[in-house]
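Have the sequence and the 3D view open as you read.

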Amino acid sequence: MPARDHRPKGIWRVTDIRAVDWANGPEAGMVLLDQTLLPGEERFVVCATVDSVVDAIERLVVRGAPALGAAGAFGVAVAVGEGERRGWTDVELRTQVQRIRDSRPTAVNLAWGVDRAAARIGAGLDAVIAEGRALADEDRAANRALSRHGADWILDALTERASDGPVRVLTHCNAGALATTGWGTALGVVHELHDRGVLGRVYADETRPLLQGARLTAWELARLGIDHVVQVDSAAASTILGGNVDVAVVGADRIAANGDAANKIGTLGVALACADAGIPFVVAAPTSTVDVATASGADIRIELRDGHEVVSWAGSATAPATTTGFNPAFDVTPARLISAIVTEVGVETPGDGSNTIFRATGP
Ligand code: MRU
């Protein structure tokens, strides 16, 4: 992937972040802000082959469920362009598209974005690119809407509990502009509370083993000028039970029809602590993350990543060479531990998880 600097001139604001985009011209392809290099380096890369798209998704150059949806859609455009250059048959093209679809299993947005763009292959490359752009625009709009719903719900819930003062938030992993096509989901709610002038301190879990909280969430919060601290994941329970936060807000990679929600490993522990402390645990995600075909969390496939990520850091071993790391990338929080699921269409309170709360809509 050749390096290319797409940084906007002037102030590098969170609202300017485009983690995934499409560029036309001589270096046409999917443009990604390489999240493996943050916070040290802001470098954009262009993916012009299916191999580079699959590699970028697997290595988390692009990550976060909604961003993966857009990467899936633009990835199909990359495949169509490469297929035209190489003279692929339709079967060869479909095989390459499937490779992109399969590159990470848990975030439903990836398969959704691939399928949405693949449905436009017959109309040509420009139509596929247009579908990717439309998906990205819709995602940004959904994030803005769900952030308003989330902020409203949290402020109402805290008022009912007679909790006044600035809203102190705990979040896990990164569900901000970097994880989406812009603005963010859980961090979008935080941004909205900040804009309303009611936000207190944010506790960002560092998010072992790849440190999305420390490297990415803190990077965004710093640009927003939000008071924040990064804590090790294992501090979350005592921070919550110690009365230091009013609410936890997290994103999701796949939400089952009954409201069970998969998110970054460690989210379940945050939810359990919130339940014990009696504070709200909120999941914020666009409806593109809801998988009505998955009845409950038991049916969600959890990505098991290379154990090497757990027993090493920056190329150095952090455990004996003979020790194997266990590295599930996500966990499932049961609906009964979730106070509210916030999407762009409103807020659901899932109850005990025994009911279907999300159903297929549309024609
Ligand atoms: O492995 P990652 O970094 O892709 O995991 C991301 C998360 O778990 C996010 O919380 C989730 O995708 C929501 S992003 C708006």
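Two strands count as paired if DSSP finds at least two bridges between them. Strands (E, at least two residues) and helices (H or I, at least four residues) are DSSP runs, numbered from the N terminus. This is a predicted model, where local features need pLDDT of at least 70, side-chain atom pairs count only at pLDDT 80 or more, and totals for chains, interfaces and linings use all residues. Residues are numbered from 1 along each chain as its sequence is written, and side-chain values use heavy atoms, leaving out hydrogens and water.

**The sheet.** Strand 9 (residues 254-256) and strand 10 (residues 261-264) run antiparallel, joined by two bridges. Across from R254 you'll find A262 in strand 10. Helix 9 (residues 267-277) packs on the sheet and touches strand 10 and strand 15 (contact means heavy atoms within 4.5 Å). The direction of helix 9 makes about 30° with that of strand 15; axes here are lines fitted to C-alpha atoms, for helices over the stretch in contact, with angles from 0 to 180 degrees between N-to-C directions.

The whole sheet is open, has four strands in the order 12-9-10-15, and mixes its pairing. Strand 12 (290-291) and strand 15 (330-333) are at the edges with a single partner strand each, so one side of each has no neighbour in the sheet.

**R305.** This residue sits in the loop between strand 12 and strand 13 (312-313). Its polar contacts (N or O atoms within 3.5 Å, one able to donate a hydrogen and the other to accept it; residues adjacent in sequence count only if both atoms are side-chain atoms) include these:

| R305 side chain with | Distance |
|---|---|
| E58 backbone oxygen | 3.0 Å |
| E303 side chain | 2.9 Å |

Is R305 buried or exposed? R305 counts as buried because its relative accessibility is 14%, and buried means under 20% relative accessible area, exposed over 50%, partly exposed in between (1.4 Å probe, protein chains only). Setting aside neighbours within four places in sequence, R305 is in contact with residues including R104, L210 and N327.
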